[in-house]
Structures are given as C-alpha cells and as structure tokens.
Amino acid sequence: MTGLPVVPVHDLEGHPRDRELIAATHGRSIWIVDVAPLEGLTNQVIADGGALFEPAPAFQFGEEPRGGESTGQMWWDRPTPGAGARIHYYIGEELAAAVAEAAEGEQDGASPPAQGPPGGQGAPGRQGMGARGPQVQIRITDPEGEEFTTVSGPAAAGFHSVTWNMRGQAPTPDEPGPYQKKQQKVVAARALVVRDSLVEEGWDEQFLDRMVGVLTGETDRSAMMRMFGGRGGGGGAGRDPEAFRERPGEQMGGGGGGGFDFGRMRELASLVMPGAGVSSVFRRFGGGRGGGPAPLAEPGAYTLTMEVGGRTLTRTLTVDRVGDVTGDSSPFDEEWEQFLRYLERLEGRR
C-alpha cells in the first residue's frame, strides 16, 4: 500500500499515456502509482521466468540554490518526486533458484563479495550472495556505448524495483599531500585545546563537539550541517527543533545569528586559526570532496543490461533534463558549498 493511507477511494482512472493508476480519495488529494510494470507482467513473461520491463523516462530537475533566506517558523522539505530513474524487473522461481545456487557456489570457501547499496550508490559488486541475499547487477551503458555504472537489486523470486540516482561512479579519493596532512594535524590539535578551554568558560559542549569534530575528523561535515537544519542554515544548536520561534522572519538568514549563534562560531574559528574567517576554516579543514564528484548522466538513451541465470535482458532508458542542473558535483558537495557560501554572506553582514 506504498504511501496510500486508509481512506475511502471513490474513483479510479488509468492514465493511457503515462500508464499510471490514479485514485481519488474522499478528501482533497489524489494518489498515483506507476502500473506499467504490472501491465507488462503477462502470462508469457511468467512462463519465460524473467523480464526487464520498459522503464519510464527519467528526468533531472534543476533547483535554485538555497541559503540565507528566512525560512519562517520551520524549514519544510521533501524529496523531489521522480528525481531518480526507476528500474523494474521480474524473476521467476526457477530463475531465482538458479541464481541462488550459482551464488552459493561462488561463496564456497570465499568471503562475500562487496555489494553496492541499492540505487546505484557506491561501488558496484558482482552477482553473488551479499548481506542482502542473492543480487543481480544491472549494467548501465551511456549513449556512446561506454559502461557508465552498475546498480544491484534482489535476485529473489518476484517483482522488484530499484532506483538509479542518475550518477556514475565517483573517482577514487586522492591521498592528501604531506603539507596538507601536517596542517590538518596542527589544526586538529589546536581545536581540541580550544574546545577544552571554552568548555571551562561555559560554552555548550554539544555545539563545540560538533564544530571541533569536523576539524579533527571525528565526525563528518554533515553533522555540522544538521546542527543548522541543513541546506543553508535553519535550525539551531542546543535548541528544540520543534520549539516555536517568535518573529522568525526578523532573524538573519532564517536563523543566522539567532539559534546557532554565529558570533560564537566566528570566535571559535578565530581561536583555532587566528585571522581566518569561519568559512575559510571549514573550507580548508572541514572535509574535502574526496576523489571528485560522481558524474551526472547527460540526457540521452542509456542501455540497461541484466544478466541473470544465463539469460541477458536489455532495455533502453531515456534520461532528460528540466531546468538548470549542475552536474559537476555530487548532491552533498553542492549542499556543502551552499552552506559555506551562506557562512560567507553572514561574515559579510557582520
């Protein structure tokens, strides 16, 4: 019942072009589900024992940068519908048994193969028995015929859907140079000393631990962003996220200078690196981009290839783009850069 609450449904309509089922509820909403794969699950497909269904076109939606604006009482956010490419396939019982038997043979006397998480995130694994059970790999080839990435999905009997984030594999991170390593150690050691001194002066330990943890490498930079509500600042350190904020529109940057105390943030940065600003400290020592961003798929026709039980199934997936999409960085890197620019704007206002 994915996403459908317990409500009366007064009308059902099948969309002939998009092959979606639309349910009208006894309220002010409609519920839409993609039924194209179910329509493709014919008696012939079941008899064949497996199928890779024709995928719907996948769209990349451009979004304007956010950060620094007043978010009002609270920041509301939800995933963009259809932001990933959905891939549907069917595996019959005989085919699933063949995959499981082959996977057990590969595992005999060997450690489990590494598997990338669902949806194409991370490095691809090979077909085998991972922690999530037998897996199949779906190769994604770009319009030029080059392998772009691989996504994994369950190889158990039944109907399955996986999501591809429309990105390839990220390059291997570069090893920091000797000077960079040395500077990182100096800043980390100084940050810990500063942290202890400020705790003695009565500063909030949670605030300090998150800030200093990013510099020392004990916590990733997402922890600091969560402290501000994510995406350009919003929440507050040591503040109940559900608490009412009086006159939120009069606070700089939707909370900047209010809840998370930018003044103390700037003071901490100056103590760790005298003469440096907040944004420069975290830009240099707040975690790098690793080996570079995972490339974003350009618009075009991509070939899906799934090999399962000795059978090879192929389909074509069309990727299109709506709006201005920046493809030179991963989603988190984009968010981190927006956050740093937000800090720079706050510094400019002070």
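Analyst: Let's start with a contact: the side chains of T149 and Q169 make a polar contact at 2.5 Å. Keep in mind that this is a predicted model, where local features need pLDDT of at least 70, side-chain atom pairs count only at pLDDT 80 or more, and totals for chains, interfaces and linings use all residues. Residues are numbered from 1 along each chain as its sequence is written, and side-chain values use heavy atoms, with hydrogens and water left out.

User: What makes the pair T149 and Q169 a polar contact?

Analyst: The rule asks for a pair of N or O atoms within 3.5 Å; within protein, one must be able to donate a hydrogen and the other to accept it, and residues adjacent in sequence count only if both atoms are side-chain atoms.

User: Is T149 buried or exposed, and how do you know?

Analyst: Buried means under 20% relative accessible area, exposed means over 50%, and partly exposed is in between (1.4 Å probe, protein chains only). T149 comes out at 3%, so it's buried. Leaving out residues up to four places away in sequence, T149 touches I138, R139, I140, W164, R167, G168 and Q169, where contact means heavy atoms within 4.5 Å.

User: Which strand holds T149?

Analyst: T149 sits in β9, residues 147–154. Strands are DSSP runs of E with at least two residues, helices are runs of H or I with at least four, and both are numbered from the N terminus. By that count the protein has 9 helices and 12 strands.

User: Why is β9 called largely enclosed?

Analyst: Of its 8 residues, 6 are buried, so the rest of the structure largely encloses β9. For the protein, buried residues make up 38% of the 350 residues.

User: How do you know that β8 pairs with β9?

Analyst: Two strands pair if DSSP finds at least two bridges between them. Strand β8 (residues 133–141) and β9 are joined by 7 bridges and run antiparallel, so they pass the rule. In that pairing, T141 stands opposite E147. The two strands form a hairpin with 5 residues between them, and G145 in the turn has a positive phi of about 90 degrees.

User: Where else do strands pair in the antiparallel sense?

Analyst: Three strands make an open sheet in the order β1-β2-β3, with antiparallel pairing. Its edge strands are β1 (9–15) and β3 (30–34), each pairing on one side only. Neighbouring strands there are turned by 20 degrees against each other on average, direction ignored; axes are lines fitted to C-alpha atoms, for helices over the stretch in contact, and angles run from 0 to 180 degrees between N-to-C directions. β1 pairs with β2 (residues 20–25) over 6 bridges, and H15 has E20 of β2 as its bridge partner.

User: Why is the pair F59 and F61 called tilted?

Analyst: Rings of Phe, Tyr and Trp (its six-membered ring) pair if their centres lie within 6.5 Å; planes under 30 degrees apart count as stacked, over 60 as edge-to-face, and the rest as tilted. This rule gives 5 aromatic pairs. For F59 and F61, the centres are 6.4 Å apart and the planes meet at 35 degrees, so the pair is tilted. Elsewhere, ring pairs link F148, W164 and Y302 into a cluster.

User: What makes the buried residues of α7 line one face?

Analyst: In helix α7 (residues 262–272) the buried residues are F262, M265, L268, A269 and V272. They fall within an arc of 120 degrees seen down the axis, so they line one face of α7. That arc is taken from the directions running from the helix axis to the C-beta atoms.

User: Which residues are buried in α8?

Analyst: In α8 (residues 278–285) they are V278, S279, V281, F282 and F285. They cover an arc of only 165 degrees, which puts them on the same side of α8.

User: What joins the side chains of E205 and R195?

Analyst: A polar contact of 3.1 Å joins them, which is within the limit, so the label holds. E205, found in helix α5 (residues 205–216), is partly exposed at 42%.
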